[in-house]
Amino acid sequence: MGKLSAFNFLTLNGFYQGKEQGDINWHTHQAGGEEAEYAAEGAGSDSTLVFGRVTYDMMSAWWPTPAAIETMPGIAEGMNRSEKIVFSRTLKKADWNNTRIIKDNIGEAVRKLKKDRDMTILGSGSIVTQLSDLGLIDQYQLMIDPVALGEGKTIFSGMQKQLNLKLVGHRIFKSGAVMLTYEPA
């Protein structure tokens, strides 16, 4: 049985994006820094990447580009090589290699996919919320950036059920960012 993980970076006050949709300009991890090395390790894990449409649009616009490949070659290689799934009712086609679109029954699809693969949700707050409510996420990896915003969107916005978690790991980066790893309690 595979495992479904959610990876997100957050502000100190719990936002995964700023006021505007897709605003992650506050997330300032530098190429060559500890966080980039950590991301490169994760990108090489052979986990199937899972996105909602907004995150998919952002990722597919950056990672296949020459600038991404030059700036962060290890991460770009892993992102471009990985199998990718985008959950969207509105996306008509997915041009980023190794990507398929699933339009309906997100819970059923994830249950089937978990039978034979590990998967990682990147960003995609609405997908995290839906799958958390269904009890399908096995691990939450939250990188807390040392920044606070006045407005933004929380990762669990719209959640219908309380989610109790237990801390199973942590890592402190020189930049002041902290990685917290949780599993359902």
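Which helix holds both K112 and E108, and how many residues apart are they? Both sit in helix 5 (residues 106-114), 4 residues apart, or about one turn of the helix. Keep in mind that this is a predicted model, where local features need pLDDT of at least 70, side-chain atom pairs count only at pLDDT 80 or more, and totals for chains, interfaces and linings use all residues. Residues are numbered from 1 along each chain as its sequence is written, and side-chain values use heavy atoms, with hydrogens and water left out. Helices (H or I, at least four residues) and strands (E, at least two) are DSSP runs, numbered from the N terminus.

**Salt bridges**

- Side chains of opposite charge can pair when their charged atoms come close.
- The whole structure has 9 salt bridges (a side-chain nitrogen of Lys or Arg within 4 Å of a carboxyl oxygen of Asp or Glu).
- Back to the opening pair: K112 bridges to E108, with the closest N and O atoms 3.3 Å apart.
- On accessibility, K112 is exposed at 51%, while E108 is partly exposed at 42% (buried is under 20% relative accessible area, exposed over 50%, partly exposed in between, with a 1.4 Å probe and protein chains only).
- K114 pairs with D138, and here the closest N and O atoms are 2.9 Å apart.
- K114 is in helix 5 and D138 in the loop between helix 6 and strand 7 (139-144), so this bridge ties together parts that are 24 residues apart in sequence.
- K114 is buried, at 7% relative accessible area, whereas D138 is partly exposed at 26%.
- K93 and D95 also meet through their side chains, at 4.0 Å from N to O.

**Positive phi outside glycine**

- N105 isn't a glycine, yet its phi is positive, at about 50°.
- You'll find N105 in the loop between strand 5 (99-102) and helix 5, where it is exposed at 51% relative accessibility.
- S124 is another non-glycine residue with a positive phi, near 55°.
- S124 lies in the loop between strand 6 (119-122) and helix 6, and at 4% relative accessibility S124 is buried.

**The second largest pocket**

- Rolling a probe the size of a water molecule over the atoms shows where empty space is left.
- The second largest pocket holds about 390 Å³ of space.
- A pocket here is an open set of points on a 1 Å grid over the protein atoms alone, where a 1.4 Å probe fits, with protein on both sides within 12 Å along at least five of seven lines; lining residues have an atom within 4 Å of a point.
- Grid points are joined across faces, edges and corners, and the volume is the space filled by probe spheres set on the points.
- This pocket is lined by 22 residues, and G52, R53, F87, S126 and I127 are the closest to its centre.
- Strand 2 (15-17), helix 2 (53-62) and helix 6 (125-133) are the elements that give two or more residues to the lining.
- Helix 6 gives the most, with 4 residues.
- By class, the lining has 6 nonpolar, 11 polar and 5 charged residues (Ala, Val, Leu, Ile, Met, Phe, Trp, Tyr, Cys and Pro count as nonpolar, Asp, Glu, Lys and Arg as charged, and the others, Gly among them, as polar).
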